[in-house]
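Hi,

Here is the structure I promised to pass on.

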Amino acid sequence: MAAPVVLLHGVGLNRSMWDSVRARLTADGWAETIALDLPGHGGEPPLRDPKTLAELAEDVLRRLPAEPVQLVGFSLGALIAQQIAATQQRRVRSLVCVNAVCERSPEQAEAVAGRLATARELFASSIDASIERWYPATSAVTDEMREHTREMLRANDLDSYLVAYEVFATGDRQVAPLLPRIAAPTLAITGELDPGSTPAMSERLAQLIPSARAVIVPDTRHMLPVEREDAFIHHLELHLRSTEGSTNG
């Protein structure tokens, strides 16, 4: 029996970002796909105190199926997925890190800290900046897709969002020492033009995780699963099929 495919979204979004991907996977024969809200997002209770990446991962781990899963994480979800794969090896049959950060440089860490400061002072402006950064004017995404992303961001409890964003801004340093412990076959995939989760970061993940490889999708920015859904599904399903027989887990 195929392992369940569990999908984790990014900071400020919710599980509905995966609706179209889940429908495609189901149509292609994947019997069980599960999209979870991250702690403090969607239907989960808001976060009120500072959290570590390990604490967010423990929350998600409690809601995973008991059997090993194919774990797919996007952005903050990828950091949480890495933490789980490194510390709960038997629970993860394979890992997919989508638009994931890895060991930011001092300049990149300063940039994400600046975005956190902007969100703290000017949340509405930070939403507009995110939409412009993720979906440039040349992007092929529809106005409906843009508005769906904007509404997910607007729906956040601000205090909870800031707690989660703090973890996103620092989580790469928290999980970096654990990456060589990940035993699951891993795909690190990102967009060629993603300025925050760069191709160099995915290639670094492929070097630090023993059974990992990197795929860079041309002419694509941060919202790869939305902006280039066909390419994302293609590479995701290739990875899932190649690892379904893995003994990891």
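Phe123, Tyr161, Tyr165 and Phe168 come together as one aromatic cluster. Bear in mind that this is a predicted model. With ring centres within 6.5 Å taken as a pair, there are four aromatic pairs. Take Tyr165 and Phe168: their ring centres are 5.5 Å apart and their planes stand at 80 degrees, which is over the 60 needed for edge-to-face, so that is what this pair is. Both residues belong to helix α7, which covers residues 158-175, and they are three residues apart, about one turn of the helix. Tyr165 and Phe168 are also both buried.

The charged end of Arg104 sits over its ring, 4.8 Å from the centre.

Next, how α7 meets α4. Helix α4 spans residues 106-121, and its axis comes within 10 Å of the α7 axis, with a crossing angle of roughly 175 degrees. An angle over 145 degrees counts as roughly antiparallel, so α4 is roughly antiparallel to α7. On the α4 side the contact is made by Ala109, Val112, Arg115, Leu116, Ala119 and Arg120. From α7 come Leu158, Tyr161, Leu162, Tyr165, Glu166, Phe168, Ala169 and Arg173. Tyr161, Tyr165 and Phe168, then, belong to this contact and to the aromatic cluster too. Sorted by class, the contact of α4 with α7 has ten nonpolar residues, four charged ones and no polar ones.

The other helix pair I looked at is α2 with α3. At what angle do the axes of α2 and α3 cross? The answer is roughly 80 degrees, with the axes of α2 (residues 53-62) and α3 (residues 76-87) coming within 9 Å. That falls between 65 and 115 degrees, so these two helices are roughly perpendicular to each other. Helix α2 contributes Leu53, Ala54, Leu56, Ala57, Val60 and Leu61 to the contact, while α3 brings Leu79, Ile80, Gln83 and Ile84. By class, that contact has nine nonpolar residues and one polar residue, with no charged ones.

Cheers

Definitions and conventions:
Residues are numbered from 1 along each chain as its sequence is written. This is a predicted model: local features need pLDDT of at least 70, side-chain atom pairs count only at pLDDT 80 or more; totals for chains, interfaces and linings use all residues. Side-chain values use heavy atoms; hydrogens and water are left out. Rings of Phe, Tyr and Trp (its six-membered ring) pair if their centres lie within 6.5 Å; planes under 30 degrees apart count as stacked, over 60 as edge-to-face and the rest as tilted. Helices (H or I, at least four residues) and strands (E, at least two) are DSSP runs, numbered from the N terminus. Buried means under 20% relative accessible area, exposed over 50%, partly exposed in between (1.4 Å probe, protein chains only). A charge sits over a ring if NZ of Lys or CZ of Arg is within 6 Å of the ring centre and within 35 degrees of the ring normal. Axes are lines fitted to C-alpha atoms, for helices over the stretch in contact, and angles run from 0 to 180 degrees between N-to-C directions. Angles under 35 degrees count as roughly parallel, over 145 as roughly antiparallel, 65 to 115 as roughly perpendicular and the rest as oblique. Contact means heavy atoms within 4.5 Å. Ala, Val, Leu, Ile, Met, Phe, Trp, Tyr, Cys and Pro count as nonpolar, Asp, Glu, Lys and Arg as charged, and the others, Gly among them, as polar.
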